[in-house]
Amino acid sequence: MAATGAHADEHLEHGEHEGPLHEQYEDIDQQNESYIVGMWAFLVTEVMFFGALFVTYVLYRTRYQHDFWVSHLETNTLLGGINTTVLLTSSLTVALAVRAAMLKNRTGVILGLIPTLMGAVTFLVIKYFEYAEKFAHNHYPGPTFIPPSGAAKGPSQIFFSMYFGMTGLHGIHVLIGIIVIGALLYLWYKKRPVVTEDYVPTEMVGLYWHFVDLVWIFLFPLYYLIPK
Amino acid sequence: MGNFPLAPPQASEFAHQIDPLFYALTAVCVFFGGITFLVVIYFSLRYKRGTKADRSNPKHEHLPLEISWSIFPLILALVFFWFGAKQFIYAKTPPKDAMEIYVVGKQWMWHIQHAESGVRENNTLHVPIGRPVKLTMISQDVLHAFYIPEFRIQYHVVPGRYTQSWFTATKPGTYHLFCAMYCGTQHSEMGGYVYAMKPDDYAQWIKNGGNDPQPQTLVERGGSIYTKMACEGCHTEKDTIHGPSLYSLYGKTRRFTDGTTAVADDAYIRESIYKPDAKIVAGYIDTMSPYVSGTQPGAISEEDMLALVAYIKTLGTTNMPLDKSLSGTQRGVTPNSKVPGSARVTAVGALGFEKDNPEANRLRNGKPAVGALGSEN
Amino acid sequence: MSSITATGTIPAAEPAEKNYLNVTTTFKSWALTHDHKRIGVMYLVTIAIFFAVGSLMAGLIRAELTSPTGNFLESETYNKVFTAHGVIMIFWVLLAAVPGILGNFVIPLMIGARDVAFPRLNLLSYYFFVGGGLLAIAAVLSGGVDTGWTFYVPYASLYSNSQVGLAVTGAFLAGFSSIFTAVNFIVTVHKMRAPGMTWFRLPLFIWSAYATSLIVVLGTPVVAITLMMMLAERTLHIGFFSPELGGDPVLFQHLFWFYSHPAVYIMILPSFGVQSELLAAFSRKRVFGYHFVAFSSLAIAVLGFLVWGHHMFVSSQSMYQGVVFSLITFLIAVPTAVKIFNWTSTIYKGTVRLHAPMIYAISFMGLFIIGGLTGLYLSTMSTDIHLTNTYFVVAHFHYVMVGGAITGLLGGIHYWWPKMFGKMYPDRLAQITAIIVFLGFNLTFFPQFIVGWLGMPRRYHYYYLEPQFQPYNIMSSMGASILGLGFLITGGYLIWSLKFGAKATSNPWGAHGLEWTIPSPPDLHNFPTTPIVTDDVYDYEALDAAGLSGGVVAPQGVS
Ligand code: HEA
Ligand code: HEA
Ligand code: CUA
Ligand SMILES: [Cu+2]
């Protein structure tokens with residue numbers, strides 16, 4: 001990749017580089033390893049992001065044991081359970097898609113990604129109904145907040161603040177997941193070399209989706225299954 | 001200008017503990033920091049290019065050196081850590097027999113109540129020397145910090161939870177009370193004075209219900225009565241709907257509702273207090289109730305009346321007493337010129353804070369932190 | 001020529017060559033560039049603007065504090081001014097300055113890479129930074145923020161009547177910008193090193209940038225989410241921290257300092273790295289105890305996460321928690337001491353040249369030592385009771401942040417300026433200015449130690465209860481004028497040099513390192529071919545033996 005003036009111009013003007021190997025790298029291995037290291041660094045920031053919320057949750061939960069327990073009775077375990085299953089399944093299908101990408105099996109990838117995408121959408125739809133239920137009971141924190149009977153107002157409000165804060169942030173991640181998975185599906189469908197010649201983009205999306213799934217695996221017991 | 005104090009006065013027991021540690025730190029830091037920097041400069045000049053210096057066998061790694069300059073600072077550090085932690089734990093453990101005082105912080109004043117006597121004050125703190133004093137503090141709105149530099153104590157005052165601090169004053173005198181934690185617009189004005197008194201003076205002060213036990217001038221005594229009788233509730237620096245201003249009243253010609261006039265002299269003022277309905281100032285109705293003459297509570301003896309009249313005569317003139325001990329907010333200095341005299345209104349009931357600044361209290365939901373304290377003791 | 005080594009066997013480049021600055025000239029070619037060097041220059045310009053705004057605020061603070069009852073501001077305005085000063089200086093100057101300007105520019109050059117690992121992410125990071133900064137400026141212009149840079153609740157969430165939302169969203173974006181940059185640097189250092197560039201051949205600047213990036217990746221998300229919770233409480237009344245809503249305000253402080261203490265090391269570590277480069281280059285000697293200096297950066301990064309509670313000794317956290325935090329804080333002084341002593345030994349038996357960057361390096365030593373040692377007063381729990389929230393703290397952090405981090409930044413800019421722009425600034429003037437800055441700085445902030453010890457609380461608009469604070473405040477304001485003058489001169493001659501400065505050779509300081517083997521300013525693609533590194537880092541003996549020190553002992557092109 002000689003650095004001729006003309007080449008440099010073109011690079012600066014367009015920026016975009018068709019084909020999988022970007023020009024700052026020596027070879028495809030270096031590029032792939034860079035992507036994976038970068039992705040893990042990103043996931044570490046995500047862990048810390050949610051980590052702060054989990055710590056906050058734990059502190060308030062130990063302080064307001066009883067009120068958290070009473071308030072948690074308001075969350076819908078059935079819907080939450082369904083959502084857990086949905087996400088776990090979608091995690092499995094995305095893993096299958098990544099495997100297919102490694103084998104350069106386009107049909108396999110597409111067949112893996114479609115159910116993943118559907119799972120993500122289903123999750124949000126169910127979440128919408130759960131939220132609607134909370135709003136209907138005025139369990140949304142704020143001036144109009146009404147605590148579930150038997151719970152003190154302040155602590156219960158904190159419970160619901162945490163609930164909306166954490167599931168909301170998770171929901172935003174699901175939404176981003178939908179966009180990213182959709183884009184990936186489109187690229188595979190269009191047979192773009194960025195994805196077909198290199199499995200790493202697909203693997204990165206897979207990692208991201210596993211992470212989103214994992215967060216939910218922690219959220220579910222914290223908000224739906226608090227032991228007495 | 002022109003005077004450069006180098007250390008704050010030492011007025012509590014902590015000051016005598018903490019200061020030696022502070023000076024020890026200073027000695028160590030000046031010594032090692034100074035030496036290191038001087039060595040840097042010395043090397044830079046000694047080995048400047050062109051100077052004849054021995055540059056043979058430069059070393060690039062030297063384990064024994066590395067170890068020694070890790071261990072040595074470590075030991076010094078641990079020594080300071082040890083004394084600091086020990087003193088801190090001491091400063092956080094009030095003795096059982098400490099005298100109790102309750103403090104409520106709010107934007108932007110301190111309400112203080114002496115537990116034993118129930119005496120209240122605002123923005124001032126009177127304490128006896130030689131006796132441990134324990135402060136139990138809570139905030140009614142945002143974070144504040146109760147800070148008396150001369151005592152070397154500071155602790156945050158937090159909404160929703162009690163915090164504690166204690167000290168033993170050692171030297172009679174007037175010290176500073178600051179709010180050290182940023183709390184909004186008038187953070188820098190949230191403070192006043194601390195009076196450390198001899199135990200007898202303090203007992204006297206308490207007996208007087210929080211009025212200054214020191215021999216007072218007539219005018220000062222009048223001021224105390226003025227405060228005690230809560231005249232400020234209606235008469236402030238400016239005319240209000242509650243009552244006319246008494247500032248610069250003396251010697252003025254007054255016009256009354258019935259159209260007559262009179263010059264405000266001593267007799268007129270006395271009459272206005274004992275028989276307010278005799279002459280009613282134009283623009284007002286007769287809401288001021290008459291004060292009886294006598295010594296029973298609520299009454300104003302003739303002796304006190306003299307003082308009171310003397311005081312009213314000084315209002316609005318340069319003779320106006322600025323004795324801060326009258327009430328903390330009566331500092332006489334009100335740099336926040338937007339609300340002149342507003343401080344005086346709030347000086348009335350120590351806990352009458354519902355009146356002022358409803359905006360600042362908008363989220364209190366009728367849960368006065370003070371009430372919580374009151375029921376505690 | 002097939003390979004270059006770090007000893008610099010390449011002769012100076014032919015002058016007519018196109019370089020990264022002029023290879024394309026359209027606005028778009030800058031605004032959408034993926035080139036790490038151009039992004040570094042963009043950071044330089046942007047941060048210079050933010051620094052000017054922040055300094056103007058500092059000027060207002062100092063002008064106001066010369067009298068105990070203030071001079072021309074209302075209390076509310078004063079509070080907004082110091083908040084804007086702190087927020088801008090921390091989030092839009094220091095957190096990004098050394099990594100954004102110097103890191104972007106030299107890291108790929110130092111390790112022999114064509115660019116950072118993710119150039120597009122790098123550009124995105126820049127725009128997040130600018131976007132956040134514009135929000136902050138908008139907050140200032142639309143009424144200001146009066147919470148202090150710490151955004152303590154419940155004041156910031158429920159009581160403050162100012163543009164907290166804009167400022168916090170801005171800080172949030174700036175946080176993401178630094179996360180992107182950090183991810184980029186981590187991957188770049190791991191994966192983009194040229195053949196032969198082993199970990200222990202990395203210049204120490206890389207080590208410290210790497211340690212910094214680790215802190216950013218681990219810490220910034222926490223403050224981001226904490227500020228978001230605060231904002232949710234403020235705008236949506238979703239309670240997290242305010243007692244009125246069932247929360248705990250001290251928890252906010254824990255979460256805030258969990259990031260913001262490590263953040264002070266984000267600010268100082270890159271300057272530590274610069275310091276190592278300067279001392280090696282201008283003493284023409286290897287950095288003494290290379291391994292210890294390298295690993296002390298990592299030690300600081302790790303320990304830095306365990307000391308946040310030292311900002312909260314009197315905040316009503318548990319006393320025993322405080323004791324542990326105090327202990328670890330003292331431990332963290334040790335790796336810093338190791339660095340200081342190793343740097344001092346680096347000069348020993350060196351061949352010192354007192355060019356402007358070296359003056360800054362020496363001044364860094366003096367100022368940072370004072371700043372660091374006064375940190376010990378604050379980590380000693382009992383003295384902190386008295387000193388916390390006073391001007392003693394203000395003096396401490398200006399000594400470490402301005403005396404340390406900004407001085408390091410200035411030293412680095414003076415060192416790499418010829419490389420960045422191919423021009424020399426007037427060295428003698430720069431040396432004198434460095435000394436002016438040093439003196440002005442001490443006059444500004446040393447009196448603040450005393451006035452803090454006397455008990456002057458920080459964030460105070462009025463101090464009429466204690467008029468004897470005034471002389472010290474006047475001294476401080478006089479110092480600030482001198483300091484400000486120093487900064488203005490610096491800006492002046494640097495800009496002057498762009499047009500009128502003498503042309504710089506590829507290695508004006510005769511320094512060791514890959515970045516000095518290529519022309520100044522470098523070609524768009526940095527290295528004609530991937531360099532192969534064969535010699536040790538800072539190997540000045542080899543450089544001298546190869547006869548390369550001749551002719552470079554004075555900066556070339558300086559009259
Ligand atoms: C660049 C930023 C930076 C750096 C590097 C530091 C470094 C240190 N800081 Fe500082 N600090 C701040 C920025 C920084 N700080 C800021 C911004 C605040 C205030 C925030 C706010 O409230 O607004 C603050 C506040 C602050 C506090 C809280 C004060 C309070 O609010 O009550 C404390 C308390 O422990 C502290 C301690 C320290 C210590 C021990 C170090 C150590 O790392 C220093 C180590 C260095 C040395 C020790 C000197 C060199 C060593 C030698 C010469 C050898 C001899 C050594 C020994 C004998 C041990 N700092
Ligand atoms: C990178 C960080 C950084 C930098 C570089 C600076 C630089 C300076 N700072 Fe700042 N400062 C902070 C970070 C920084 N500060 C932080 C984080 C706070 C805490 C905020 C808070 O409490 O929330 C703070 C708070 C702070 C205070 C305390 C305010 C208070 O508590 O009430 C003071 C007071 O002197 C001060 C002064 C200065 C001065 C004189 C400079 C000088 O170095 C600046 C030199 C430059 C000039 C002096 C400007 C040049 C002159 C002009 C461009 C024209 C001037 C115009 C007029 C005079 C009208 N700073
Ligand atoms: Cu109350 Cu500051
Ligand atoms: Cu800290």
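A metal donor is here an N, O or S atom within 2.8 Å of the metal. The legends below describe close-up views of a predicted model.

**Figure 1. The copper ion (ligand 4) and its histidine donors in chain C.** Three residues coordinate the copper ion (ligand 4): His261(C) through ND1, His310(C) through NE2 and His311(C) through NE2. The distances run from 1.8 to 2.1 Å. Along the sequence, the donor residues follow the spacing H-x48-H-H. His261(C) belongs to helix H8 of chain C, while His310(C) sits in the loop between helix H9 (290–303) and helix H10 (319–347), so the pair ties together parts that are 49 residues apart in sequence.

**Figure 2. The iron atom of ligand 1 and its protein donor.** Which residue donates to the iron atom of ligand 1? His396(C) is the only protein donor, and its NE2 atom lies at 2.2 Å. This histidine is part of helix H13 of chain C, which covers residues 391–421. The iron atom of ligand 1 is 4.5 Å from the copper ion (ligand 4), the ion coordinated by His261(C), His310(C) and His311(C).

**Figure 3. The largest cavity, lined by residues of chain C among others.** The search of the whole structure returns 8 cavities of 30 Å³ or more. The largest cavity holds about 290 Å³ of space. Its lining consists of 29 residues, and those nearest the centre are Leu95(C), Ala96(C), Ser178(C), Val216(C) and Ile266(C). Four helices of chain C give two or more residues to this lining: H3 (75–111), H6 (164–191), H7 (204–235) and H8 (249–283). How many of the lining residues of the largest cavity are nonpolar, polar and charged? The lining divides into 20 nonpolar residues, 9 polar residues and no charged ones.

**Figure 4. The second largest cavity.** The volume of this cavity is about 100 Å³. Its lining is made of 15 residues, with Pro203(C), His512(C), Gly513(C), Leu514(C) and Val537(C) nearest the centre. Of the lining residues, 8 are nonpolar, 2 are polar and 5 are charged. For the largest cavity, the lining has no charged residues.

**Figure 5. Thr45(A) and its contacts with chain C.** Thr45(A) is located in helix H2 of chain A, residues 28–63. Is Thr45(A) buried or exposed? The relative accessible area of Thr45(A) is 6%, so the residue counts as buried. With neighbours within four places in sequence left aside, Thr45(A) is in contact with Ile179(C), Val217(C) and Pro221(C).

**Figure 6. Two cis peptide bonds, one in chain B and one in chain C.** Most peptide bonds are trans. In chain B, the bond joining Gln107(B) and Trp108(B) is cis, with omega about -5 degrees. Trp108(B) is placed in the loop between strand E1 (99–106) and strand E2 (109–114). In chain C, a cis bond links Ser520(C) to Pro521(C), where omega is about -15 degrees. The loop that holds Pro521(C) runs between helix H15 (470–500) and helix H16 (540–545).

**Figure 7. Positive phi values at Asn138(A) and His237(C).** Most residues other than glycine have a negative phi. At Asn138(A), phi is positive and near 60 degrees. Asn138(A) occupies the loop between helix H5 (106–136) and helix H6 (153–189) of chain A. The residue is partly exposed, its relative accessible area being 29%. His237(C) likewise has a positive phi near 60 degrees. His237(C) is in the loop between H7 and H8 of chain C, two helices that also contribute to the lining of the largest cavity. With a relative accessible area of 24%, His237(C) is partly exposed.

**Figure 8. Chain B, the chain that contains Trp108(B).** Chain B has 8 helices and 12 strands. Of its 377 residues, 50% are buried. Among contacts in chain B with a separation of 6 or more, 62% are between residues 24 or more positions apart. The accessible surface of chain B is about 17400 Å², and carbon and sulfur atoms account for 60% of that surface.

How values were computed: Residues numbered from 1 in each chain as written. Chains lettered and ligands numbered in written order. Predicted model: local features only at pLDDT ≥ 70, side-chain atom pairs only at ≥ 80, totals over all residues. Heavy atoms only, no water. 1 Å grid on protein atoms, 1.4 Å probe; cavity = no way out; pocket = protein on both sides within 12 Å on 5 of 7 lines; lining within 4 Å. Points joined across faces, edges and corners; volume = space filled by probe spheres on them. Nonpolar A, V, L, I, M, F, W, Y, C, P; charged D, E, K, R; others polar. Donors = N, O, S within 2.8 Å, 3.2 Å for Na, K, Ca; no water. Buried < 20%, exposed > 50% of the residue type's maximum accessible area, 1.4 Å probe, protein only. Contact = heavy atoms within 4.5 Å. Areas by Shrake-Rupley, 256 points an atom, 1.4 Å probe, with all protein chains shown as cover.
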